[in-house]
Structures are given as C-alpha cells and as structure tokens.
Amino acid sequence: MSTAALAAAVPAAYALGALLLAGEAAVHIQQYVAIFHEVNWVGPLFLANGAACLVAVVGLVYRRTRRVAALAGVVIWVVALGSLVVSYGHGLFGWHEGGFRTPVALVTIAEVAAVLLLSAALATGLTDGRSG
C-alpha cells in the first residue's frame with residue numbers, strides 16, 4: 001500500500017471503528033432500557049459496556065490516546081462476545097439468551113466490524129512505524 005493511501009486508510013479505520021463502537025454502545029444502552037434494567041448483574045453490565053464503548057470512542061478521537069483506545073475497543077469486543085457465547089450456553093449470572101434477536105445481530109455485526117477495523121489500524125501503525 002502506498003504511503004498516501006496508508007496515511008488516509010489508518011485514520012479512516014480508526015474513525016469507522018469509533019462509529020461502530022458508538023453503535024454498539026447505543027444498542028447496549030437501548031437493550032438496558034428495554035429489557036435488562038430489571039435483570040440483576042446483566043443489566044448493569046450492559047450499561048458498563050455502553051460506557052466503556054463511549055470512553056473508547058472519545059479516546060479514538062485524540063491522536064495521543066488512539067492506539068490505547070483501539071486496543072480497549074478490541075478488549076471490549078472480546079468480553080462482550082465471550083459473554084454472549086456464555087449466555088447462550090450455561091447462562092451468564094442467571095440470564096440465558098434465547099434465539100438470535102435483531103439487536104443481538106446488530107451488535108454482533110458492529111462489534112466484528114469494529115474489531116477488524118481497529119485491529120487493522122493498529123497492525124498497520126505497527127508495521128509502518130507510525131503511531132496511528
């Protein structure tokens with residue numbers, strides 16, 4: 001990839017990753033309000049996920065914190081996806097997810113896309129010596 005293309009692609013990947021994390025936050029907060037506000041442990045975890053995503057989004061805005069925020073976004077994805085998988089299996093703190101609801105599909109798509117973009121931006125920044 002040329003230097004000019006890389007110079008445009010890396011910030012774009014961070015920006016799109018931030019947008020997708022904001023979408024993840026919106027879905028988790030909406031689901032908290034609609035369903036999970038009455039569910040012990042899992043409800044507050046939905047709010048925590050939304051807050052963590054928003055903090056990562058703010059971090060992605062600033063060049064000095066962008067790489068750490070991108071890494072945080074990847075960690076948020078690992079925890080959220082792992083929690084979803086557990087909730088389909090043995091259950092998570094007493095909550096058993098049933099079916100594949102539209103919000104679950106939306107947030108899964110947003111999470112996967114965000115982690116791919118943020119990981120690519122981080123990897124590109126590492127290989128070309130830039131700090132993203």
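V33 sits in helix α1, where helices (H or I, at least four residues) and strands (E, at least two) are DSSP runs numbered from the N terminus. With 57% relative accessibility, V33 counts as exposed; the cut-offs are under 20% relative accessible area for buried, over 50% for exposed and partly exposed in between, with a 1.4 Å probe and protein chains only. The model you are looking at is predicted: local features need pLDDT of at least 70, side-chain atom pairs count only at pLDDT 80 or more, and totals for chains, interfaces and linings use all residues. Residues are numbered from 1 along each chain as its sequence is written, and side-chain values use heavy atoms, leaving out hydrogens and water.

**The nonpolar core**
- In the largest nonpolar core there are 19 residues, and Y14, L21 and L118 are among those with the most contacts inside it.
- Such a core is a set of buried Ala, Val, Leu, Ile, Met, Phe, Trp, Tyr and Cys residues joined through side-chain atoms within 4.5 Å.
- Two or more residues come from each of α1 (3-34), α2 (42-61), α3 (66-88) and α4 (102-127), and α1 gives the most, with 6 residues.

**Aromatic pairs**
- There are 2 aromatic pairs, counted when ring centres of Phe, Tyr and Trp (its six-membered ring) lie within 6.5 Å; planes under 30 degrees apart are stacked, over 60 edge-to-face and the rest tilted.
- F36 and F46 are stacked, at 4.1 Å centre to centre with 20° between the planes.
- F36 is in the loop between α1 and α2 and F46 in helix α2, so this pair ties together parts 10 residues apart in sequence.
- Both F36 and F46 are buried.

**A buried asparagine**
- N49 lies in helix α2 and, at 10% relative accessibility, counts as buried.
- Leaving aside residues up to four places away in sequence, N49 touches E24, H28, I76 and A80, a contact being heavy atoms within 4.5 Å.
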